[in-house]
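Dear colleague,

Please find below the structure that I am handing over to you.

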Amino acid sequence: STPGKGSRFDVTLGVDKSLFPADILTDRKVDSIDIREYKFMAVKPEDKPDTDMKDSGHTQTAVKRTILIVEDESELLGFYTELFGKEFNVLQAHNGKEGLEIALKAIPDVIISDVMMPEMDGYELTSRLKSHVATSHIQIILLTAKSGDEVQIESYKAGADFYLEKPFHPTALYEQVRNIIQSREKLIHRYMAGQVEAAEIVSNDLDAKFLARIDSIIKKNLSNDKFSINDLTSDAGISRTQLHMKLKGIVGMSTTEYINDIRLKEAIVLMQGGYRVSEAAYSTGFSSPNYFSRLFRKKFGMSPVSYLEDLKRQAKSG
């Protein structure tokens, strides 16, 4: 050390295989170029993904999707944040425990997590998120430095939707996130267009059971025009915010929109069975036939009477 000038420190790092636990070692050959490119490789202008989110005529809405990145290395955390920061809302967590807390509070659209971390590793984080009703629908990508069938099996056993082996090109990770979001948006559009049922667009049994329970509670209170979101969350055992975010993530609707959607579909069944418009409206919990007709026209693009006449014409022509 030299006063007024500074100090010099020499640090020796152990690189012998015997110094490390067996569970963090890999047989994969990774040279210095791989490591350098993995940490510092920027996305070249010609390789940068198209961020307009356009595909086959489908365009992403102006709402930014939210990504949670769980990574204990500050340098990599900053790198991933820079990679996704322009097109997505990015949340950060430095370990699995912190990631779990943030995920339960924010309900992100996608989670990208490292596997080896202090406090809680990526496998446990994934397992806990996939077994919690508020977060079981979230798509999770695990990043691992180890390779082989065992890693793949362990990742999927934990509930991960995808995994990437390090090192990888940043664009590969970016495109995977992009494809996940586009696929979900397409499923939501199909559901909102009436092409599929809600149960057909969920990816696991927990979400299927969750939707079935929500539907059952709503239908049980179908004719009750005083039935509220608070009543639904109380019966379902989930917070108002978590229910809103989960329904947005699965079917693209708020809780109020989803309740009204079920009521409208049940009203169609009643009208096809001979109910008049006003009778169907009151029987499905709408406060007035005018409000019912307004919501019906907004969803189906025509009045209830015109909709029924159209169904009759289709039945005759078929």
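Ser287 is located in the loop that runs between α11 (277–283) and α12 (289–300); helices (H or I, at least four residues) and strands (E, at least two) are DSSP runs, numbered from the N terminus. The model is a predicted one, in which local features need pLDDT of at least 70 and side-chain atom pairs count only at pLDDT 80 or more, whereas totals for chains, interfaces and linings use all residues. Residues are numbered from 1 along each chain as its sequence is written, and side-chain values use heavy atoms, with hydrogens and water left out.

Ser287 counts as exposed because its relative accessibility is 53%. Here, exposed means over 50% relative accessible area, buried means under 20%, and partly exposed lies in between (1.4 Å probe, protein chains only). Not counting residues up to four places away in sequence, Ser287 touches Asp225 and Tyr282; a contact means heavy atoms within 4.5 Å. Ser287 and Asn224 are 63 residues apart in sequence, and their C-alpha atoms are 9.3 Å apart in space.

Phe227 lies in another loop, the one between α7 (205–220) and α8 (229–236). Is Phe227 buried or exposed? Phe227 counts as buried, because its relative accessibility is 9%. Leaving aside neighbours within four places in sequence, Phe227 is in contact with Ile217, Ile218, Asn221, Leu232, Ile259 and Arg263.

The next topic is charged pairs. The structure holds 13 salt bridges, a salt bridge being a side-chain nitrogen of Lys or Arg within 4 Å of a carboxyl oxygen of Asp or Glu. One of them joins the side chains of Arg65 and Glu185 (3.2 Å, N to O). This pair links distant parts of the chain, 120 residues apart: Arg65 is in the loop between β2 (58–59) and β3 (66–70), and Glu185 is in helix α6 (residues 170–192). Glu185 is buried, with a relative accessible area of 4%. Arg65, Asp109 and Glu185 are linked in a network of salt bridges.

Helix α6 also contains Glu175 and Arg178, which are separated by about one helical turn because they are 3 residues apart. Their side chains meet in a salt bridge (3.3 Å, N to O). Glu175 is partly exposed at 23% relative accessible area, whereas Arg178 is buried at 8%.

In helix α10 (residues 255–272), Asp261 and Lys265 lie 4 residues apart, about one turn of the helix. A salt bridge joins their side chains (3.1 Å, N to O). Asp261 is buried, with a relative accessible area of 3%, and Lys265 counts as partly exposed at 28% relative accessibility.

As for strands, β6 (residues 139–144) and β7 (residues 162–165) run parallel and are joined by 4 bridges; two strands pair if DSSP finds at least two bridges between them. Within this pairing, Thr144 stands opposite Glu165 in β7.

Finally, for the whole chain, the secondary structure comes to 13 helices and 7 strands. Of the 318 residues in the protein chain, 39% are buried.

Yours sincerely
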